[in-house]
Amino acid sequence: MSIRVIIGEGSCGIAAGAGKVRTAIKALLQEKEPFVLGSTGCIGMCFLEPIVDIYEDKTLVRRLVKVTADDAAAIVEAARTGDLSKVDSITISDDDAEFLSRQTRIALRHCGLIDPTSLDDYRAADGYRALEKVLKTMTPEQVIEEIKTSGLAGRGGAGFPTWFKWNAARQSEATPKYLICNADEGDPGAFMDRAVIESDPHNLIEGMLIGAYAIGASEMIVYVRAEYPLAIVHLTEAIEQAKKANLLGENILGTGFSCDMRIKAGAGAFVCGEETALIESLEGKRGMPRLKPPFPAQKGYFDQPSNINNVETFANVAWILNNGGEAFAAMGTENSKGTKVFALTGKIKKGGLVEIPMGKTLRDVIFGIGGGIRGGKEFKAVQMGGPSGGCIPADLLDTVIDYKALGATGAIMGSGGMVVMDESTCMVGMAKFFLDFTADESCGKCVPCRIGTKRMQEILTRIVNGEGKEGDIELLEELCLGIKDGALCGLGQTAPNPVLTTIRYFRHEYEAHIRDKKCPAKECPALRTYSIDPDKCKGCTMCAKKCPANAITGEKKQPHVIDANLCIRCDQCRSNCKFDAIIVE
Amino acid sequence: MSCNCNCSGPKSDLSLLKDVLDRYAGERGSLIAILQKAQEIYGYLPKDVMYHIAEKIGSTPAEVMGVATFYSQFRLTPIGKYLIMSCQGTACHVNGSERISAAISAYLGIENGQTTEDGLFTLEHVACLGCCSLAPVIMINGEAHGNLTPESVINILKDIRKKEGVEA
């Protein structure tokens, strides 16, 4: 029996301290140990990081959570002796383990289970079997047909049928053709693509190779965010391994099919998620969208036929070819097949990556898997689709997850960001947050987006500053419709969605800001004042010590006072007061 | 090759760029990659460096400047020893990133994009860092710090100042 101790070392794990855990364990190791220390990617249970798994042969016998360097001795002892009771105190609870057992994993099927830097690990998990089958026994048309049967649609947000894009690129006669992967994951609050590349890079390569064969591409390019250094390292390494194993390059697996792959690091521009802007950026230019048609399938990268899909879309491809399109289509709803990965974050108890079959409800994800709201507060809304999406309120929690049903709420499926908000989040502030983002990221090519988002941002800014006027809501609505209709690309056309949905579901919050100069969530700093209730204040000096602006004064054991001119409204006094003496209005 | 950009700033050592320019010579669409390498070398993109690149790749200064100002990764001014990237992603926003940024600004006396007078810290607001479950998050020279409060973030900065021998 062989014992393996595997540390989860995705970006989130490292940020939570996985590196310190590794250092501490390594320091205890002697020359010969009866177990091996290994590494894996992101299992997606971010709320429990750092995570260490103990395996006996291929069976997971313990999952240890929130591990610190202090736990190293117990872990080493348990792995040496096989006495797992030594790590009982840090073993995952049954309740938390359900976070994973309630999911259905296809795109994430290897994440957190294999070593992302090992081709052998990937092969042992059925890796590159689909590629071999495709290259040796199927025609490109049959591959496209299988993807059509599966019902796979673009996971980057738009939900366009994948087979249709592949077929259009296949039909284009010009060569060379390019297959491009959009790994620019710009939606703030989404990190599923990063997890796939970091934790299972060969799955992306295999999916892309199958796509390249289907459309007849001779080169593949992955456009990755520069903010994802670990993903770039792992993918670079995987490409080298695949080249050595004759899975990339000339005459792949002796089948006569040749295809190369390279990585282009993005430089930070949200609009580059739009496919024609991405192509401009690949060509070394400012990432500004092109007019369509011609579509990339006809004239894309350097005017050659090109096909662009998102990381998660490719991550499903090898599974579909191994298991059949029908098995994929058996999951989901009438118009949305298969599974979808969501990055569950915000005021949620259990945040992380969730992959579930389409057709589950928002409630299943947020309350079933995510465990509901943190800190005993009330659920207010969930934001889906980032700057292109919208906020869905509590009474629509039973909406099923499919492209059509989510679209009907005014939000979108999007790339999978799911940010949960509680009663303390101001919805006008949320709309302003997204407009700040899109106004900043607007490339400036078309007037409706460049000027329209700026005007909306100005109106929202004055509303949250307590300077809103009657008619502002109507003006916003009018601008929204104009931008939706008039903007050149997806960024502009969807930029009004956060404003439209918050007006639709939380109009009363806008009215409270404009008419009563009040922020119902007590979040907008300009509409919030802090003072101390002299009857409740015991003069413990805690607030004065915590105040980063030195705005609080007072003698010990005497009621303290806040200087409103110095106060930066950081809320430290309120959150640290043991006597509930801070009044926020 | 002397700088012809008429700037009064310090002159950069353009010979450091030779390997990069050789490596990408004749490769179309490589401007962004060249600028990324240049920024690795100089820490930012000095004006004379951009003029030099334009000349070497047969482009115009306007085009190089256009690309450099389009992408958020590129900086046109030098940065401090410690680069504080303060995440402004959605999850961080919902968890109070504004309070974190305000506390940093109040403590260091700099706003987004500025560097402290002693050259120690630069504050940069960035889009999502992708550690959403640890929100609110900042990254200092590549190291992530999560689950911050306005107080804990100041302590992190105080520790750095102490390490650097600056009075907190």
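Read along the sequence, chain B of this predicted model follows the pattern α-α-α-α-β-α-α-β-β-β-α, which amounts to seven helices and four strands. The C-alpha trace of chain B spans about 50 × 35 × 25 Å along its principal axes, and of the 168 residues of this chain 39% count as buried. Among the contacts in chain B with a separation of 6 or more, 62% are accounted for by residues 24 or more positions apart. The domain assignment of chain B gives domain 1, covering 14–70, and domain 2, covering 82–163, and the C-alpha centres of domain 1 of chain B and domain 2 of chain B lie 30 Å apart.

Chain A has a secondary structure that comes to 23 helices and 17 strands. The radius of gyration of chain A is 26 Å, close to the 25 Å that the globule rule gives for 585 residues, so chain A is as compact as a globular protein of that length. Along the principal axes of chain A, the C-alpha trace spans about 85 × 65 × 40 Å. Of the 585 residues of chain A, 54% count as buried, and residues 24 or more positions apart account for 72% of the contacts in chain A with a separation of 6 or more.

The two chains meet at an interface in which 36 residues of chain B are in contact with 46 residues of chain A. On the side of chain B that touches chain A, at least two residues are supplied by each of α2 (31–42), α4 (61–70), α5 (90–94), α6 (97–108) and α7 (150–163) of chain B. Of these elements, α6(B) gives the most to that side, with five residues. By class, the residues on the side of chain B that touches chain A divide into 22 nonpolar, 12 polar and two charged.

Chain A is divided into five segments by its domain assignment, namely domain 1 (3–101), domain 2 (119–329), domain 3 (339–422), domain 4 (427–516) and domain 5 (529–584). The centres of domain 1 of chain A and domain 3 of chain A, taken over C-alpha atoms, are separated by 30 Å. The contact between these two domains takes five residues from domain 1 of chain A and five residues from domain 3 of chain A. On the side of domain 1 of chain A that touches domain 3 of chain A, there are four nonpolar residues, one polar residue and no charged residues.

The residues A:N203, A:L204, A:E206, A:G207, A:M208, A:I210 and A:G211 in α10(A) meet A:V311, A:F314, A:A315, A:V317, A:A318 and A:L321 in α13(A). The contact of α10(A) with α13(A) has, by class, nine nonpolar, three polar and one charged residues.

In the other pair, helix α9 (residues 192–199) of chain A and α13(A) have axes that come within 9 Å and cross at roughly 50°, an arrangement that makes α9(A) oblique to α13(A). Here A:M192, A:D193, A:V196 and A:I197 in α9(A) meet A:V311, A:E312 and A:A315 in α13(A). The residues of the contact of α9(A) with α13(A) divide into five nonpolar, no polar and two charged. Both A:V311 and A:A315 take part in the contact with α10(A) and in the contact with α9(A).

When residues up to four places away in sequence are not counted, A:V76 touches A:I25 and A:L28. By contrast, the C-alpha atoms of A:V76 and A:T529, which are 453 residues apart along the chain, are separated by 53 Å.

Notes: Residues numbered from 1 in each chain as written. Chains lettered and ligands numbered in written order. Predicted model: local features only at pLDDT ≥ 70, side-chain atom pairs only at ≥ 80, totals over all residues. Contact = placed C-beta atoms within 7 Å. Nonpolar A, V, L, I, M, F, W, Y, C, P; charged D, E, K, R; others polar. Rg over C-alpha atoms; globule rule 2.2 N^0.38 Å. Buried ≥ 20, exposed ≤ 12 C-beta atoms within 10 Å, placed from the backbone. Domains from an automatic or database assignment. Axes fitted to C-alpha atoms, helices over the stretch in contact; angles between N-to-C directions. Parallel < 35°, antiparallel > 145°, perpendicular 65-115°, else oblique.
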